[in-house]
Amino acid sequence: MIRISKRFSRSLIAGALVFQIVPITGCASKVSYEQQEYDIGTHQIIEVDRSFNPLFGKDGLYGLTAPDGYIIKDYDYDKTDSFEYSDFVYENITPVEVGNPDELGVPVEEVSRQDDVYEAGEHVLVDINRNFNLWIGKDDQVFHLTAPEGYSVLDYDYDKTNSFEFENITYANNQAVQVEDINQFGECVSNNNQGKKNSHICDVGEDMMVVIHRGFNPFWGKDEMKEVERIPGYKVIDYDYDKTDTFEFETIVYQNVVPVKIESDTEYGVPLEDVSQDSHDDGCYAPYEHVLVDINRDFNFLLGYEGTKQIDAPEGYEVLDYDYDNNQDFEFETTVYVNNHDVKTDSNHDFGKVYQKTRD
């Protein structure tokens, strides 16, 4: 069974003592659901855990755990003056029986594994680096991420409060690892080390590049849907939006889809293959070329959201990422979608329709 990280869970206990705000839409009515079975990879749930934390916020390496039958696809940490929010995206890796689709399901079969060995994707850690920062936060910049042996970067997020900034890097093991402490990286069960490679050349999928855009915005913040910018030789794997009183930050994580050369840690990787980028003037996108971010802004002068709910996508798309952000006046739900079929759209800032493409 997947174990619970006591170190990480203790920091969330305070959240259970804070009452939850439930939206009121009229008289309460009991909704009944029929049990249904979801195949592998068809039930995605987001969970936002809110904790009361008027102090500095998290700083350290924390092991994360998924409910039985699910795996963590994404994690984000957000801090306000009084609260902190942990956002999880879960996806089922076994068939599950689900009553309310906005709640986690129950595995159809018993889930078990060896106590100290984690198969690929089962050991997820987040490294939260907190820094004192009274100023405006990170400027526009580019940098590249690396991971310990046996692990890959799953996600990167940047968060800014009035006094601090937080860099959150989430890792997941890409091969079986033996773990003595869930809050520490494990050791690879088999030695797959191929020897030292050219540190400037990254094969497909080896370079994780972060691009941060800071914008001056003393107003309400974004409330829009738009296409995430594309970079030749890379695909988008994550997007996050964070709003302070005066500034906003867009954090985009890219992964290379062709071999690239890293000539500078502060510049884009240079593709080593021809990647002439399609302008998509005809509105046609091949699978995984059309990435949309939907930012929903709402007034919130209270505690912020806490709970679980199902997330889904229109036909031809899948959910790539979800993030919840709360400042003193507003809350932002950021959902990222990517097309998994050929689609055609009249506007690159909106969902397209699935169409049958004639292959050469």
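In this predicted model, the strands β4 (70–79), β11 (151–160), β18 (234–243) and β25 (317–326) each supply at least two residues of the lining of the second largest cavity. That cavity has a volume of about 40 Å³, and a search of the whole structure finds two cavities of 30 Å³ or more. The residues that line the second largest cavity are Tyr77, Asp78, Asp157, Tyr158, Asp159, Tyr241, Asp242, Asp323, Tyr324 and Asp325.

| Strand | Residue range | Share of the lining |
|---|---|---|
| β4 | residues 70–79 | at least two residues |
| β11 | residues 151–160 | at least two residues |
| β18 | residues 234–243 | at least two residues |
| β25 | residues 317–326 | at least two residues |

Elsewhere, three strands form an open sheet in the order β1-β6-β7, with antiparallel pairing. Its edge strands are β1 (36–38) and β7 (106–107), each of which pairs on one side only. Three bridges join β1 to the antiparallel strand β6 (residues 96–98), and Glu37 stands opposite Glu97 of β6.

A further point concerns Gly215, which lies in strand β16 (residues 208–216). Although Gly215 and Phe247 are 32 residues apart in sequence, their C-alpha atoms are 5.6 Å apart in space. When residues up to four places away in sequence are not counted, Gly215 touches Thr246, Phe247 and Glu248.

Conventions: Residues are numbered from 1 along each chain as its sequence is written. This is a predicted model: local features need pLDDT of at least 70, side-chain atom pairs count only at pLDDT 80 or more; totals for chains, interfaces and linings use all residues. Side-chain values use heavy atoms; hydrogens and water are left out. On a 1 Å grid over the protein atoms alone, a cavity is a set of points where a 1.4 Å probe fits but cannot get out, and a pocket is an open set with protein on both sides within 12 Å along at least five of seven lines; lining residues have an atom within 4 Å of a point. Grid points are joined across faces, edges and corners, and a volume is the space filled by probe spheres set on the points. Helices (H or I, at least four residues) and strands (E, at least two) are DSSP runs, numbered from the N terminus. Contact means heavy atoms within 4.5 Å. Two strands pair if DSSP finds at least two bridges between them.
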